[in-house]
Amino acid sequence: MQRETARGRTREEALSNLDKLMMSKHPDAIFSRDSAQVYEYGNEKSEDKFVSECTF
């Protein structure tokens, strides 16, 4: 099993960045946004507030 993570300023941006990452690095992997987890990340001074992660 492999894990990929991506960060973003919003939940949607984190998922979008993960989607782009999966398409470029793992084009043959089956990926769905429904299977991705999104967590709060960093603090108020961080530019990125959310991290998305999927295991495949």
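Mentor: Start with the buried residues of α1: A14, L15, L18 and M22. Buried means under 20% relative accessible area, exposed over 50%, and partly exposed in between, with a 1.4 Å probe and protein chains only. Viewed down the axis of α1, these buried residues fall within an arc of 95°, so they line one face of the helix. That arc is taken from the directions from the helix axis to the C-beta atoms.

A word on the source: this is a predicted model, where local features need pLDDT of at least 70, side-chain atom pairs count only at pLDDT 80 or more, and totals for chains, interfaces and linings use all residues. Residues are numbered from 1 along each chain as its sequence is written, and side-chain values use heavy atoms, leaving out hydrogens and water.

Now the other side of α1. The face turned away from the buried side carries the exposed residues E12, K20, M23 and S24.

Helix α1 covers residues 11-25, and its 15 residues at 1.5 Å a residue should span 21 Å; the end C-alpha atoms are 21 Å apart, which agrees. The expected span is 1.5 Å times one less than the number of residues. Helices (H or I, at least four residues) and strands (E, at least two) are DSSP runs, numbered from the N terminus.

What covers the buried residues? The cover includes β1 (3-8), β2 (37-40) and β3 (50-55). Contact here means heavy atoms within 4.5 Å. α1 lies across these strands, running at about 140° to β1. Axes are lines fitted to C-alpha atoms, for helices over the stretch in contact, and angles run from 0 to 180 degrees between N-to-C directions.

The three strands form an open antiparallel sheet, ordered β1-β3-β2. β1 and β2 are the edge strands, each pairing on one side only. Strands pair if DSSP finds at least two bridges between them. β1 and β3 share six bridges, with T5 opposite E53. β2 and β3 share four, with E40 opposite F50.

In β1, E4, A6 and G8 form the covered face, while R3, T5 and R7 form the uncovered one. In a regular strand, side chains alternate between the two faces of the sheet.

Finish with the core. The largest nonpolar core has nine residues: A6, A14, L15, L18, M22, A36, V38, F50 and C54. Its largest share, four residues, comes from α1. Such a core is a set of buried Ala, Val, Leu, Ile, Met, Phe, Trp, Tyr and Cys residues joined through side-chain atoms within 4.5 Å.
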